Amino acid sequence: MLSGVETEMTVRVADELLMFLPATRRETVNRVPCDGTSTLGHVVESLGVPLPEAGPMTIGGARVEPSTRPHAGDEVRVEAVPRPQPVPLEPGQDAPRFLLDVHLGTLARRMRLLGLDAAYHNDMDDPALVVQANAEHRVLLTQDRGLLRRRALWFGAYVRGSRPDDQLRDLLDRFAPVLHPWTRCTACNGELVPVDKDEVEGALEAGTRRSYDVYGRCADCGQVYWRGAHGDHLEEIVRESMRLVEVARGRSGSRAAVTERG
């Protein structure tokens, strides 16, 4: 090797992405080998950052694509995905559709409470998840970094947090989706339709019949819903979620206003 010839590049990683780097390289600035043939996307993933978590990338301050091949001596910067993150929607959609992996069952139920289309299976392997996400244009939510590295996946997102409350906050902050609370079955994700009390009386306990008059039924599985003993807790989840979405959208609007003035 010739002495003095640059064979490395500098990669600056946003603080929000440091969690993906191995502990031995968990630094904002990393010097990495440059072979002249690997794409920037490959370099970023070799550091540990799944591409769905990487936002805008620049070389020397100029915006580039993951397919760009960096050169030795380049100064690369990798930002986190913008929040709220836009998701391509189909005609008639006002919010993304989601698919959650096997470890996020509680989050799926909370998302359904908020009216989000959240598909979930507790027995589906990684390849099948990717197939369904692509076929139905669902954002795949996971805490499996390897799953996010699958090239065939059209749109994925890593869910931060170990507790369902934290996971839901992260999801709402990242996507700021339109919410339609109390419109989906938390058990199967089907849509709820209003039903008269006399239509479901046979499925109710006597105390429930006496105490409640407003009911909904899942159009898919037939599960009957009413505002029961846990109503106050669920109402609080809904209220806080609506607030978080409003805050996230307000932050996005502030950035847009700054950009226009600039």
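Predicted model: local features only at pLDDT ≥ 70, side-chain atom pairs only at ≥ 80, totals over all residues.

Reader: Which residues of H1 are the buried ones?

Author: They are Leu40, Gly41, Val43, Val44, Glu45 and Leu47. Buried means under 20% relative accessible area, so each of these falls below that cut-off.

Reader: What do the buried residues of H1 pack against?

Author: Strands, by the contact rule of heavy atoms within 4.5 Å. The partners are S1 (8-13), S2 (29-33), S3, S4 and S5 (75-80). Just after H1, Gly48 takes a positive phi of about 120°.

Reader: Now the aromatic rings. How many aromatic pairs does the structure hold?

Author: Five. One of them joins Phe98 and Phe175.

Reader: Why is the pair of Phe98 and Phe175 called edge-to-face?

Author: Take the distance, then the angle. The ring centres lie 5.6 Å apart, and the limit for a pair is 6.5 Å. The planes stand at 65°. Over 60 counts as edge-to-face, so the label holds.

Reader: What does the pair of Phe98 and Phe175 tie together?

Author: Phe98 sits in strand S6 (residues 97-100) and Phe175 in helix H5, so the pair ties together parts that are 77 residues apart in sequence. Both Phe98 and Phe175 are buried.

Reader: And what makes the pair of Phe155 and Phe175 tilted?

Author: The angle between the planes is 55°. Stacked needs under 30 and edge-to-face needs over 60, so 55° leaves tilted. The centres are 6.5 Å apart, and a pair needs them within 6.5 Å. This pair also links distant parts of the chain, 20 residues apart. Phe155 lies in the loop between helix H4 (145-148) and S9, and Phe175 in helix H5. Phe155 is buried, as is Phe175.

Reader: Which residues form one aromatic cluster?

Author: Phe98, Trp154, Phe155 and Phe175.

Reader: On to empty space. How do you find it at all?

Author: A probe the size of a water molecule is rolled over the atoms, which shows where empty space is left.

Reader: How many cavities of 30 Å³ or more are there, and what lines the largest?

Author: The count is one. The volume of the largest cavity is about 30 Å³. A cavity is space where the probe fits but cannot get out. Its lining is Leu141, Ala157, Tyr158, Val159, Gln167, Asp170, Leu171, Arg174 and Phe175. Helix H5 (164-175) and strand S9 (156-158) each supply at least two of the lining residues. H5 gives the most, with five. By class, the lining has six nonpolar, one polar and two charged residues.

Reader: What is the volume of the largest pocket, and which residues lie nearest its centre?

Author: About 620 Å³. A pocket is an open set, whereas the probe cannot get out of a cavity. Of the 25 lining residues, Trp182, Leu192, Tyr225, Trp226 and Leu234 lie nearest the centre. The lining divides into 13 nonpolar, eight polar and four charged residues.

Reader: Which strand gives the most to the lining of the second largest pocket?

Author: S3, with four residues. That pocket has a volume of about 520 Å³. Its lining has 23 residues, with Leu51, Pro52, Ala54, Gly55 and Pro66 closest to the centre.

Definitions and conventions:
Residues numbered from 1 in each chain as written. Heavy atoms only, no water. 1 Å grid on protein atoms, 1.4 Å probe; cavity = no way out; pocket = protein on both sides within 12 Å on 5 of 7 lines; lining within 4 Å. Points joined across faces, edges and corners; volume = space filled by probe spheres on them. Nonpolar A, V, L, I, M, F, W, Y, C, P; charged D, E, K, R; others polar. Phe/Tyr/Trp six-rings, centres within 6.5 Å; stacked < 30°, edge-to-face > 60°. Buried < 20%, exposed > 50% of the residue type's maximum accessible area, 1.4 Å probe, protein only.
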